[in-house]
Amino acid sequence: MNDQSQLLEKLRYAAADLPLRRFFLPDGVAPAPAGAAPLMPYDRLVVVLSGSKREPLSLDKCRREVLLETGDLYLQRKNLWEFCSYETEQEILVLSLQQSFWRISTHTVASAGSAPESCNCIIPRPAPTALKELFNVLKNLREYPDDSIWIHIVKALFLLAAEESNTDYRPLDSAQEKFYRVLEYVEQCYLRKITRKELADKFHLSESYLSFLFKTYSGSSFQGYVLQARLDYAEQMLQETIRSVKEIGTMCGFESDIYFIRCFRSRFGISPGRYRLARSRKSL
């Protein structure tokens, strides 16, 4: 059985037979613990299929260590810290919606202290609108919902993911595999200075071929992809924090606040300060 078939089976199990217990929506407000994973520019849904994991989560602005057991899940929003604990025996299913593709994966720890084994399936096209909308509904639910609506949403989400991932599925070719390996690295370090030459050297590619991969499989240049990820994070920071515009620009990898403001205005048609003011007025 290949990876795609295995993951399809896991999705169908999660949709039909897995008893769902609790849903968590981390807010990312509490300080991240030492050893937290890099910030990722995409949303992901994590469900425990078997075993348990002790995962630090930011809930109600406080960091808590939660014992997640079979049927527990959390929705990790983009650009918020996640610890990714793999210390205990566990199998987790992760559904990630990224900019130009989406990913289904499992991570299995066979025994406490052993390294996780991963199984991945990349769907090289944007996630369907219905899947994105179900993610958005979950992101707007409050933590620990008393009713069972979230269970129906999650079941529908996994069922839809299974159906969509099995539609016209084709294994990645060698060029696609190279691109997604590069992209995985970029998504772990896009907030620091990173150059096309650095990437080309690291993955033993020419700079022109690297540009070809980004244009072909993301529809954007390498610089454009990184800029969009940084601006998405900046937009989120403006909405969810009270940090200054200059501080946000620095945190998002911009070398100067002037350059940050120029890029932000080009993308959103308004300066960061005015964007924050407009958003705060809408929320009143």
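Visitor: Why is H204 called exposed?

Guide: H204 has a relative accessible area of 72%, and because exposed means over 50%, with buried under 20% and partly exposed in between (1.4 Å probe, protein chains only), H204 is classed as exposed. This is a predicted model, in which local features need pLDDT of at least 70 and side-chain atom pairs count only at pLDDT 80 or more, while totals for chains, interfaces and linings use all residues. Residues are numbered from 1 along each chain as its sequence is written, and side-chain values use heavy atoms, with hydrogens and water left out.

Visitor: Where is H204 found, and what is its phi?

Guide: H204 is in the loop between α5 (196–202) and α6 (207–218), where helices are DSSP runs of H or I with at least four residues, strands are runs of E with at least two, and both are numbered from the N terminus. Its phi is positive, about 55°, although H204 is not a glycine.

Visitor: Is N79 buried or exposed, and what is its phi?

Guide: N79 has a relative accessibility of 4% and therefore counts as buried. It lies in the loop between β4 and β5, and its phi, near 65°, is a positive value in a residue other than glycine.

Visitor: Why does Q76 count as buried, and what does it touch?

Guide: Q76, which is in strand β4 (residues 73–76), counts as buried because its relative accessibility is 1%. Not counting residues up to four places away in sequence, Q76 touches P26, Y42, D43, R44, W81 and E82, contact meaning heavy atoms within 4.5 Å.

Visitor: How do you know that Q76 and W81 make a polar contact?

Guide: A polar atom of the Q76 side chain lies 2.9 Å from the backbone oxygen of W81. A polar contact is a pair of N or O atoms within 3.5 Å, where within protein one must be able to donate a hydrogen and the other to accept it, and residues adjacent in sequence count only if both atoms are side-chain atoms, so the 2.9 Å pair falls within the cut-off.

Visitor: What makes strand β6 largely enclosed?

Guide: Seven of the eight residues of β6 (residues 102–109) are buried, so the strand is largely enclosed by the rest of the structure.

Visitor: How do you know that β6 pairs with β5 and with β7?

Guide: Two strands pair if DSSP finds at least two bridges between them; eight bridges join β5 (residues 90–97) to β6 in an antiparallel arrangement, and seven join β6 to β7 (residues 117–123), also antiparallel, so both pairs meet the rule. L93 has T106 as its bridge partner in β6, and T108 has E117 as its partner in β7. With four residues between them, β5 and β6 form a hairpin.

Visitor: Why is Y275 called buried, and where is it placed?

Guide: Y275, in helix α10 (residues 272–282), has a relative accessibility of 10% and so counts as buried. Leaving aside neighbours within four places in sequence, Y275 is in contact with E235, L238, Q239, F264 and I270. Y275 and F264 are 11 residues apart in sequence and 9.5 Å apart in space, C-alpha to C-alpha.
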